[in-house]
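User: Please take a close look at a single part of the model below. Describe how that part is put together and what surrounds it.

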Amino acid sequence: MALATVSDAAAATGDNSAGNGLWSTGTNWQDNSEPGSGVAVLFPSPVPLNSPFITLSRGELAHSMIFNESYGLASGTLNVTTGSISVA
């Protein structure tokens, strides 16, 4: 299986470094900042810390999303502005 990649200039990779699975925790992202409406989001394979669940707050934003593994989104809301959602 080929994994999808992000080619946008602004991209964020979820790494769950804080270990709490919260989208709004900056340290859960490779660049240590929560993504916004102009940012493509990538959730990698393998799943970081073996924890595939991401908890959203209300009003989360992303330009587009790529899931390279099975993940689950819970709570809150997520607006994907102009891009797409891809599952590899």
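Analyst: Two residues are in contact when heavy atoms of theirs lie within 4.5 Å. By that criterion, 44% of the contacts in the protein between residues at least 6 apart in sequence join residues at least 24 apart. The model is predicted, with local features requiring pLDDT of at least 70 and side-chain atom pairs counted only at pLDDT 80 or more, while totals for chains, interfaces and linings use all residues. Residues are numbered from 1 along each chain as its sequence is written, and side-chain values use heavy atoms, with hydrogens and water left out.

The part examined here is the sheet. The protein has eight strands and zero helices, where strands are DSSP runs of E with at least two residues, helices are runs of H or I with at least four, and both are numbered from the N terminus. Four of the strands form an open sheet in the order β1-β2-β5-β8, with parallel pairing; two strands pair if DSSP finds at least two bridges between them. β1 (11–13) and β8 (85–87) stand at the edges with a single partner strand each, so one side of each has no neighbour in the sheet. From one strand to the next the twist averages 15 degrees, the axes being lines fitted to C-alpha atoms and the angles running from 0 to 180 degrees between N-to-C directions.

Strand β2 (residues 40–43) is joined to β5 (residues 64–67) by four bridges, and these strands run parallel. Within that pairing, alanine 40 has serine 64 in β5 as its bridge partner. Three bridges join β1 to β2, again in parallel, and alanine 12 stands opposite valine 41 in β2. In a regular strand the side chains alternate between the two faces of the sheet. In β2, Ala40 and Leu42 point one way, Val41 and Phe43 point the other way, and all are buried. Buried denotes under 20% relative accessible area, exposed over 50%, and partly exposed the range in between, with a 1.4 Å probe and protein chains only. Buried residues account for 33% of the 88 residues in the protein.

The loop between β1 and β2 contains leucine 22, which is partly exposed because its relative accessibility is 31%. Beyond its neighbours within four places in sequence, leucine 22 is in contact with Asn28 and Thr55.

A cavity is a set of points on a 1 Å grid over the protein atoms alone where a 1.4 Å probe fits but cannot get out, and its lining residues have an atom within 4 Å of a point. Grid points are joined across faces, edges and corners, and the volume is the space filled by probe spheres set on them. The largest cavity has a volume of about 110 Å³. Of the 15 residues that line the largest cavity, Asn16, Gly21, Asn28, Phe43 and Ile54 are the closest to its centre.

Technical notes. On a 1 Å grid over the protein atoms alone, a cavity is a set of points where a 1.4 Å probe fits but cannot get out, and a pocket is an open set with protein on both sides within 12 Å along at least five of seven lines; lining residues have an atom within 4 Å of a point.
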